[in-house]
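Hi,

Here's the structure I promised to pass along.

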Amino acid sequence: MKSERIYIDEEKLSYFDTYILERSSELKPGFKRPAVLVCPGGGYQYTSDREGEPIALAFNAMGYHAFVLRYGVDKRAVFPKPLKDISKTMEYIKTHSGEWDVNPNKIFVQGGSAGGHLAASLGVCWNNKEYFPEYEGREELIRPAGMILAYPVIDLKCTTTGLDVGFGDVDIGSCDFAYDEGAVKKSDVLYKKDGRVLINFEVHMNAYMFGGYATDEQIEKYSVNRHVTADSVPAFIWHSSRDDLIFPTNSMLLTKALMDNNVPVELHMFDAGGHGMALSNEVTANNFWEIDDRCEKWLSLASLWMRDMTKEDK
């Protein structure tokens, strides 16, 4: 495997890692493989290791080249920074596709949770001048072949309200919040009990995305389902109906918007699991509830969908 780290900003804080299958005379010499760009979740506060390399390696095992993007998070998550990171990465992969034996027309984007929001933003808005003005006239450089979304954030007003952060004092110092005010407002603390605090998750994530409280204009602009057109790329989406952090409604809203615009979409809603399941098996589990045989099937289902999307007549 060819693995290297490629930085995509001057500060060398945003980067992607390559998981490129080596050439071999025994493995279809000269074959240009499809690829997957993986965007880990983490609420735009961090990028999850559980949703990074393990998922890339799983796609490797299915015959895909893979890349894991570590986009701007925490104080570097303020939009449009993550959008610049993902578009630069897709452009870089396409312009280096020859040396990496990547089929530039068969590069999928994958993401879970907030990473699903970022992946969907590219899949839906790749030719949206408001999102990516710098690519006007050369939009194909950043267009993915399809998007594979796991329990994605889609509508920024459609997440749950509760997030247990585990701190007795909630302020910018203890929680690394991106509030300009310097502290979470009392109205955003739902309750305190036994030294733990439940806060409003919408406010929490949107604060990272916008450097403070989100405006109605920002909610409208970056809620992906509100920008779907007939040019949006096909999607494979899965979610747990029991997800109590990012409501399953997110996936249903995007599915409906894609269907309304005649864009191919496949949705799987599992009555099992919860949020942040990653591979849904022992490889990515830290807790017993992150293992579920039904949710684990998402990868094999996605592989069938991807195989159909990469047929030569597509």
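Below is what I found, going feature by feature.

First, bear in mind that this is a predicted model.

Cysteines: there are 0 disulfides in the structure. As a reminder, a disulfide is a covalent bond between the sulfur atoms of two cysteines.

The side chain of Ser14 makes a polar contact of 2.9 Å with the side chain of Arg76.

Helix H2: this one runs over residues 81–95, which makes 15 residues. From first C-alpha to last, H2 reaches 21 Å, close to the 21 Å expected at 1.5 Å a residue. Which residues of H2 are buried? They are Pro82, Leu83, Asp85, Ile86, Ser87, Thr89, Met90, Ile93 and Lys94. When you turn the helix around, remember that an α-helix has 3.6 residues a turn, so residues three or four places apart point the same way.

Surface: Met252, Leu267 and Met269 form a nonpolar patch, with about 220 Å² of accessible area together. Of these, Met252 sits in helix H8 (residues 249–260). Met252 has 41% relative accessibility and therefore counts as partly exposed, a class that lies between 20% and 50%.

Cheers

Technical notes
Residues are numbered from 1 along each chain as its sequence is written. This is a predicted model: local features need pLDDT of at least 70, side-chain atom pairs count only at pLDDT 80 or more; totals for chains, interfaces and linings use all residues. Side-chain values use heavy atoms; hydrogens and water are left out. Helices (H or I, at least four residues) and strands (E, at least two) are DSSP runs, numbered from the N terminus. The expected span of a helix is 1.5 Å times one less than its number of residues. Buried means under 20% relative accessible area, exposed over 50%, partly exposed in between (1.4 Å probe, protein chains only). A disulfide is a pair of cysteine sulfur atoms within 2.5 Å. Patches are made of residues with over 30% relative accessible area and no salt bridge: like charges are joined within 9 Å, nonpolar side chains (Val, Leu, Ile, Met, Phe, Trp, Tyr) within 5 Å. Accessible areas come from the Shrake-Rupley method with a 1.4 Å probe; for residues, only the protein chains shown count as cover. A salt bridge is a side-chain nitrogen of Lys or Arg within 4 Å of a carboxyl oxygen of Asp or Glu. A polar contact is a pair of N or O atoms within 3.5 Å; within protein, one must be able to donate a hydrogen and the other to accept it, and residues adjacent in sequence count only if both atoms are side-chain atoms.
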